[in-house]
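User: I am new to this structure and would like to learn how to read it feature by feature. Could you take me through it slowly?

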Amino acid sequence: MPEHACKALVLHCLDFRFRKSLSEFLSSRFKEGYDLVSAAGGVKLLIADPPDGNFLLEQIRISDELHKPEVFLLIQHEDCGAYGGSKAFGDYQKELELQKSELEKAENLLKQQFSQSIEKYLIRLSGEIVSL
Ligand SMILES: [Zn+2]
């Protein structure tokens, strides 16, 4: 066991509008805290950038080595500016499908390199958190 292990690694967008809801959701579940990687677009650059020198992949690897999280939580959100916002999709169903597909790509990529279980979510502007 590493010197200080944590229960979870969370990857989500930097968007401030979701911070309060996410923080409540995550801190009630992981009372002792969690590692957080926060970057514009959430998983977007993780799957878009090549594996070599992939900044987000590197952050996840560091978390894995230092803290051995038991689970990875990938959280995308509604109206993400990195995807052109909700207006780029036309309707919520299309946006949900795209984000679901982004999350699945990220899950497949991470499964090739890590053994942790992976949970996927979309958080809505209302604060509702949808498990995908
Ligand atoms: Zn965003």
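User: Where does Gly33 lie?

Analyst: To place a residue, one asks which elements stand on either side of it in the chain. This is a predicted model, and in it Gly33 belongs to the loop that runs between H1 and strand S2, the latter covering residues 35–38. Gly33 is partly exposed, with a relative accessible area of 24%.

User: How far apart in space are Gly33 and Ala8?

Analyst: Distance along the chain and distance in space are read separately. Gly33 and Ala8 are 25 residues apart in sequence, and their C-alpha atoms are 7.9 Å apart in space. Ser126 itself sits in the loop between S4 and strand S5 (129–131), and Ser126 is exposed, its relative accessible area being 63%.

User: Which elements make up the whole chain, and in what order do they run from the N terminus?

Analyst: An overview begins with a count and then follows the order. The protein chain has 4 helices and 5 strands, and from the N terminus on these are arranged as β-α-β-α-α-β-α-β-β. The radius of gyration is 14 Å, close to the 14 Å that the globule rule gives for 132 residues, so the chain is as compact as a globular protein of that length. Along its principal axes, the C-alpha trace spans about 50 × 35 × 20 Å.

User: What share of the residues counts as buried, and what share of the contacts joins residues at least 24 apart?

Analyst: These two percentages rest on separate sets, one of residues and one of contacts. Of the 132 residues of the protein chain, 42% count as buried. Among the contacts between residues at least 6 apart in sequence, 72% join residues at least 24 apart. As for the surface, the accessible area of the chain comes to about 7,200 Å², and 52% of that belongs to carbon and sulfur atoms.

User: How many positive and negative side chains does the protein chain have?

Analyst: One counts each set and then compares where their centres fall. Here there are 16 positive and 21 negative side chains, and the centres of the two sets lie 4 Å apart.

User: How many aromatic pairs does a search of the whole structure find, and why is the pair of Phe25 and Tyr121 given its particular class?

Analyst: The search finds 3 aromatic pairs. To classify a pair, one reads the angle between the ring planes, and over 60 degrees counts as edge-to-face. For Phe25 and Tyr121, the ring centres are 5.5 Å apart and the planes stand at 75 degrees, so the pair is edge-to-face. Phe25 lies in helix H1 (residues 19–29) and Tyr121 in strand S4 (residues 117–123), so the pair ties together parts that are 96 residues apart in sequence.

User: Is each of these two residues buried or partly exposed?

Analyst: The cut-off to keep in mind is that buried means under 20% relative accessible area. Tyr121 is buried because its relative accessible area is 9%, whereas Phe25, with 25%, is partly exposed.

User: What is the phi of Lys68, and what is that of Asp79?

Analyst: Phi of Lys68 is near 40 degrees, a positive value in a residue other than glycine, and Lys68 is located in the loop between helix H3 (55–67) and S3. Asp79, also not a glycine, has a positive phi of about 60 degrees, and Asp79 is found in the loop between S3 and helix H4 (92–111). Lys68 is partly exposed at a relative accessible area of 41%, and Asp79 is partly exposed at 22%.

Technical notes: Residues numbered from 1 in each chain as written. Predicted model: local features only at pLDDT ≥ 70, side-chain atom pairs only at ≥ 80, totals over all residues. Heavy atoms only, no water. Helix = DSSP H or I, 4+ residues; strand = E, 2+ residues; numbered from the N terminus. Rg over C-alpha atoms; globule rule 2.2 N^0.38 Å. Buried < 20%, exposed > 50% of the residue type's maximum accessible area, 1.4 Å probe, protein only. Contact = heavy atoms within 4.5 Å. Areas by Shrake-Rupley, 256 points an atom, 1.4 Å probe, with all protein chains shown as cover. Lys, Arg positive; Asp, Glu negative; His and termini not counted. Charge placed at Lys NZ, Arg CZ, Asp CG, Glu CD. Phe/Tyr/Trp six-rings, centres within 6.5 Å; stacked < 30°, edge-to-face > 60°.
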